[in-house]
Amino acid sequence: MKLQTRKAVLFITTYAATDTPHGEHLPWMLSEAGWEVTVVAPHEKDSAVRQMFCPGWKWRNLKFRTGQSKIASELSLLWELLRARFGRRPVIVLHSQGIVARAWYLFLGPLFGKKLIYHNPDYYDPITYPVRSWMEGRLTRRCDLFIANEYHRAYIVRSQHRLRCPVLVSPPNLAARWPIPSRSEKIRSELDGAVKDAFVLRLNSGFNPLRMVAQVMEALALLPARFRLVMSGGGSVNPKAEELMRRLGIRERVLMLPPLDYAGVLEYTNNADAGVLLYANNDLGNYFTSPGRLTEYLACGLPVLASRYAGLENLVQRFGIGECVDCEDPRSIAAGIQRLESAIASGGYKRAKMRQSFEDHFAFEKWAPPLVEAFNNLVSDKPKVKQAPPPQYWFPGPAEG
Amino acid sequence: MKVIFVCYPTDESSAPHPAMAVATLARMGHEVIYLAWGNLPPAKWLDDCIGRIQHRLCPKRGILSALGFLFEVVPTILSAKPDCVLVEGAQQTPFALWLLGLPRKFQLIYQTQNVVGPGQSWIYESCEGLFARHCDWVIVNEPNRARFFQCIYRLKKTPEVIRTALPALWPVPERTASYRDEVVLALGLANVKQLKLIAAGGGYRDDRMSPQLVEALLHLPKNYIVVFSDWPGSDGRRRCEEQVRKLKLEGRVVFREAPGFAGMMKMLTACDIGIMLYPDTAIGHFYQSPGRLTEYLRCGVPIVTSKFPGLELLFLKYGLGETAIPDSSESIAEAIRKIGEIPVPEIEHWRKRLQETALGELAYETQALPVFEKVFGAAFRETSAV
């Protein structure tokens with residue numbers, strides 16, 4: 001394959017590099033495949049991916065929503081988009097859906113051979129966001145490649161926006177090489193609250209109605225006191241959550257963790273017994289969700305308690321990684337938690353098996369080859385596709401019974 | 001309860017699924033007026049509902065006769081004063097749009113067992129979207145389709161789901177060794193040892209992955225034979241015969257003349273493996289809930305289907321068969337072989353379980369009755385005879 005242009009990509013995202021590393025996995029893999037990568041992101045200075053795996057990256061801090069005024073923040077983003085538009089990098093990746101509205105008008109007109117890629121790590125539901133969804137459609141139809149983070153979403157966006165370019169899936173999954181802190185008795189005793197035979201559920205979220213936290217708490221109230229919940233509360237306890245916990249009499253069974261860095265989040269996760277992945281069925285994005293938490297739990301060897309929605313349920317059934325429940329119904333959640341506990345007690349959902357499943361099917365390295373190939377195709381002499389086929393079916397590796 | 005049903009005709013040769021909702025309602029004692037635009041007379045199976053279903057067929061003679069159909073639908077609704085108007089399928093929505101202008105003294109329900117994917121047909125897509133947005137309820141046949149439908153047409157609530165399926169009381173012929181022998185003899189396969197009959201589930205069609213299925217025979221032993229249903233001289237049959245000749249698979253593919261729905265069900269009872277493959281070309285195929293599913297299951301036939309998430313989940317949950325990549329003849333062959341190599345006692349047990357699943361969790365009533373109760377409210381339960 002002859003290269004037409006150099007393999008250099010500019011990756012712009014509004015997601016802070018210090019929050020979670022999922023968004024930076026794609027440039028990481030491209031960098032390993034010989035691409036010259038420049039990342040523009042808020043707090044990129046402190047990016048764990050760059051510091052641990054890609055010290056050769058070029059990077060710029062994007063001063064977007066990092067403390068300064070809204071106008072300064074906006075100007076900073078517009079300046080970076082314009083630099084990308086008229087700069088030297090032949091391939092531009094617009095990551096994060098917040099960029100759509102600006103990029104739509106900034107990238108109007110001829111691109112002079114530049115390749116434009118839009119990577120949406122979320123989903124704009126046309127019911128909730130009709131204007132943004134429309135703009136997204138206009139932008140994506142101009143793109144040379146569209147990347148979604150979930151297979152159903154990819155398929156639906158392709159159909160909804162009538163895309164002709166290739167559509168690929170890049171899930172927010174951790175790489176198998178991502179360091180997982182070891183288990184610690186100190187943290188475990190913090191989580192189990194000195195309760196004998198405690199069963200600790202981990203929810204990497206604050207009190208968020210879209211994460212069905214109220215229903216999980218109600219389910220907890222239906223279960224014996226050894227069942228406990230650990231949440232990322234960000235230090236302060238939401239008054240609504242406080243009120244609910246007091247009413248249900250479970251305050252002492254719920255631990256709200258202080259703000260933690262990503263390694264800290266994983267450290268607490270690794271000392272829990274199961275992860276919670278419940279989502280409200282409020283829009284298509286949450287119904288067909290592909291949460292980064294999934295591999296955070298699995299990488300730590302935790303089985304999951306997931307919503308019974310087609311996408312998640314398929315994963316759970318296919319790879320035997322947990323239980324699915326009706327997330328609107330606390331009794332169903334409670335029953336699911338009990339099923340998890342008794343399965344673990346009788347030797348099921350072994351940590352090593354969950355971890356193995358993560359490495360075999362979910363780890364980002366498994367997803368990288370088709371993505372890298374698609375990027376290589378963009379700068380090769382291959383003719384531009386007029387109508388790309390639908391995204392290829394999905395999880396790498398054989399299904400487990 | 002009085003229901004007006006607007007649909008295309010359900011004739012003897014076609015599958016009964018479009019009319020299943022009103023047939024069920026009629027059996028439960030509700031009065032149904034079935035309005036259809038077409039030429040074929042209603043199927044005999046609707047006979048057991050006669051007295052409760054008034055069938056009015058408007059002859060289809062060119063596009064202008066559509067106006068005649070419209071002049072049948074609107075006055076019927078105005079004079080019959082129904083409790084509910086149920087419109088089935090995107091093809092009816094250009095007519096049904098006129099109903100939106102009528103004084104709404106009835107529940108308006110739109111049900112579809114297909115999906116007009118974006119860009120496939122602008123007229124049906126626009127009419128369907130506009131009509132669905134103004135209906136009291138929308139019913140689709142697959143949960144993922146329901147979510148997609150809501151999103152794409154901006155519906156206020158997620159459509160209800162009733163999977164396309166046969167009801168438990170649908171008569172299905174029993175599997176008998178004598179009938180199988182008869183079929184084997186008629187197909188000229190009596191000398192094939194350990195014969196595995198693979199039901200293609202219809203004629204030779206590209207959108208049923210028939211070319212890939214025929215190619216899959218290259219990777220299977222010679223006792224695996226595919227049965228298509230098609231008329232002699234049809235385009236599909238001609239193309240199939242051409243492919244068979246090209247691949248030197250003579251004798252591995254046989255044809256039965258298209259026997260109508262009842263005949264097709266009878267034929268399935270003689271088969272070992274059912275094929276339910278769809279191409280990965282559009283939303284409608286990708287999120288499938290085909291009537292063929294319970295047809296196979298009721299006949300105790302394990303299925304090979306496309307490895308699409310909705311179908312795959314169903315297969316994982318209920319153990320209905322194997323999934324395969326529909327574009328890959330090797331993958332199809334592997335899935336067929338997995339089923340074909342299951343020893344006899346085990347497969348007999350499996351067949352029984354498949355039939356039980358089709359009669360229980362996947363039966364039409366199991367899914368439809370809770371939805372009917374939700375849609376029609378308490379009145380439905382009170383006025384139902386069963």
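Where is the place of Thr383(B)?

## Thr383 of chain B

Thr383(B) lies in helix H16 of chain B, which spans residues 378-383. This is a predicted model. Thr383(B) has a relative accessibility of 40% and therefore counts as partly exposed, since that class lies between the 20% limit for buried and the 50% limit for exposed.

Leaving aside residues up to four places away in sequence, Thr383(B) touches Met1(B), Met28(B) and His30(B). Phe106(B) is 277 residues from Thr383(B) along the chain, and the C-alpha atoms of the two are separated by 16 Å.

## Confidence

For the complex, the predictor gives an ipTM of 0.81 and a pTM of 0.87. Chain B has a mean pLDDT of 91, with 99% of its residues at 70 or more. Where pLDDT is low, the predicted coordinates should not be read in detail.

## Helix H6 of chain B

Which residues of H6(B) are buried? In this helix, residues 177-186 of chain B, the buried positions are Tyr179(B), Arg180(B), Val183(B) and Val184(B). These residues cover an arc of only 135 degrees around the axis, which puts them on the same side of H6(B). An α-helix has 3.6 residues a turn, so residues three or four places apart point the same way.

The other side of H6(B) carries the exposed residues Ala177(B), Ser178(B), Asp181(B), Glu182(B), Leu185(B) and Ala186(B). The packing partners of the buried residues of H6(B) are strand S8 (196-199), strand S10 (253-256) and helix H9 (260-268) of chain B. Gly188(B) follows H6(B) and has a positive phi, near 75 degrees.

## The seven-stranded sheet of chain A

Chain A contains an open sheet of 7 strands in the order S3-S2-S1-S4-S5-S6-S7, with parallel pairing. Strands S3 (58-61) and S7 (167-169) of chain A stand at the edges; each has a single partner strand, so one side of each is left without a neighbour in the sheet. From one strand to the next, the twist averages 20 degrees.

## Ala16 of chain A

Ala16(A) is found in the loop between S1 and helix H1 (25-32) of chain A. Its relative accessibility of 15% makes Ala16(A) count as buried, because the limit for that class is under 20%.

Not counting residues up to four places away in sequence, Ala16(A) touches Pro42(A) and His43(A). Between the C-alpha atoms of Ala16(A) and Leu81(A), which are 65 residues apart along the chain, the separation is 17 Å.

## Helices H15 and H16 of chain A

How do H15(A) and H16(A) lie, and what angle do their axes make? The axes of H15(A), residues 351-362, and H16(A), residues 364-378, come within 6 Å and cross at roughly 0 degrees. The two helices are therefore roughly parallel to each other.

In this contact, Glu359(A), Asp360(A), His361(A) and Phe362(A) of H15(A) meet Phe364(A), Lys366(A) and Trp367(A) of H16(A).

Definitions and conventions:
Residues numbered from 1 in each chain as written. Chains lettered and ligands numbered in written order. Predicted model: local features only at pLDDT ≥ 70, side-chain atom pairs only at ≥ 80, totals over all residues. Heavy atoms only, no water. Pairing = 2+ DSSP bridges. Helix = DSSP H or I, 4+ residues; strand = E, 2+ residues; numbered from the N terminus. Axes fitted to C-alpha atoms, helices over the stretch in contact; angles between N-to-C directions. pLDDT = per-residue confidence, 0-100. Buried < 20%, exposed > 50% of the residue type's maximum accessible area, 1.4 Å probe, protein only. Arc of directions from axis to C-beta. Contact = heavy atoms within 4.5 Å. Parallel < 35°, antiparallel > 145°, perpendicular 65-115°, else oblique.
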